[in-house]
2 protein chains.
Amino acid sequence: MVVSVQIAPPEFDPLFGALADHTRRDIVRRAISAEEGVLELASHYPMSFAAVQKHVAVLERAGLISKQRVGRRSVVRTNLEALLVARRLLDQYEELWRARIDRMNELIAETDGAIDTVETKESKR
Amino acid sequence: MVVSVQIAPPEFDPLFGALADHTRRDIVRRAISAEEGVLELASHYPMSFAAVQKHVAVLERAGLISKQRVGRRSVVRTNLEALLVARRLLDQYEELWRARIDRMNELIAETDGAIDTVETKESKR
DNA sequence: CACTGATACAACCATATGGTTGTATCAGAG
DNA sequence: CTCTGATACAACCATATGGTTGTATCAGTG
């Protein structure tokens, strides 16, 4: 049975787009274990506070992080679910790959014990 | 023991960047199971041949696909390894997440059966 | 060789992206 | 209320990106 997969709808664009920048990936990593405000986050990178703020906004739009007001700071924390969504897509690709290998093996097995495949082809002309 | 992970080096930028476009993701998907030339690929999308060609080039630079000359066509085929590289990074994030949960549970367990943590703190002043 | 299918690549354009600085808002501390 | 730490957001700039059209190369076919 084929696993007809729904792939590549545009919803994934912002998700992978957000992950396509090393600063943003590092923010995601930090926000997994730490509980830092935007200002604290910004201190780790060689760019302005506003730039980091924009990266955080991109990540937030992609659903990869969410901000929560804690006192005067807004704490950034990573959203596991979004990471899993991305991973699942890659898993599906891998699954497709395996399926293709399986199909190829089947073909080889068939052709292997049945030379009449060729005969059929030849009897056609 | 902490699993000090090396994350977010810039090498991943083109990889995720390539995946951040639905047309390109669809090309990757198609190139997993089919063996199409660039022209055949292009026929699936509502854009010029040259545009698809550029997408293919982006994917190639990211290592996600490779082209192989077959007769006059250049057949596009997906590179599983690159997909796995991307997936492994997401796996590491997930691992970090689990590690954090574990640490939190440990903390809770400690605080739970040991009120002397507070006592120590108070005996300090 | 001439022809043509398939690809490659350059030039160009509009918009998106990643960075900057400057100003405005918002929530606690005094 | 005032002051200030922390954040938000607008305006701007340079470069990257995704698309176009046009031209050049490259490999088989007749």
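A residue is near a molecule or strand if one of its heavy atoms lies within 4 Å of it. Keep that cut-off in hand for the exercises below.

This is a predicted model, in which local features need pLDDT of at least 70, side-chain atom pairs count only at pLDDT 80 or more, and totals for chains, interfaces and linings use all residues. Residues are numbered from 1 along each chain as its sequence is written, chains are lettered from A and ligands numbered from 1 in the order in which they are written, and side-chain values use heavy atoms, with hydrogens and water left out.

**Exercise 1.** Find polar contacts (pairs of N or O atoms within 3.5 Å) between the protein and DNA strand C.

*Step 1.* Begin at the phosphates. A polar side-chain atom of A:Ser48 lies 2.6 Å from a phosphate oxygen, and a polar backbone atom of B:Val38 is 2.9 Å from a phosphate oxygen.

*Step 2.* Then try the bases: a polar side-chain atom of B:Gln53 sits 3.0 Å from a base nitrogen.

**Exercise 2.** Do the search again for DNA strand D, and name the element that gives the most to the surface near it.

*Step 1.* Around DNA strand D there are 21 residues, with A:Leu39, A:Gln53, B:Ser48, B:Lys54 and B:His55 coming nearest.

*Step 2.* From chain B, a polar side-chain atom of B:Ser48 lies 2.7 Å from a phosphate oxygen. From chain A, an N or O atom in the side chain of A:Lys67 is 3.2 Å from a phosphate oxygen, while a polar side-chain atom of A:Gln53 reaches a base nitrogen at 2.9 Å.

*Step 3.* Finally, use the helices (DSSP runs of H or I, at least four residues, numbered from the N terminus). H4(B) gives the most to this surface, with 4 residues.

Key: A polar contact is a pair of N or O atoms within 3.5 Å; within protein, one must be able to donate a hydrogen and the other to accept it, and residues adjacent in sequence count only if both atoms are side-chain atoms. Helices (H or I, at least four residues) and strands (E, at least two) are DSSP runs, numbered from the N terminus.
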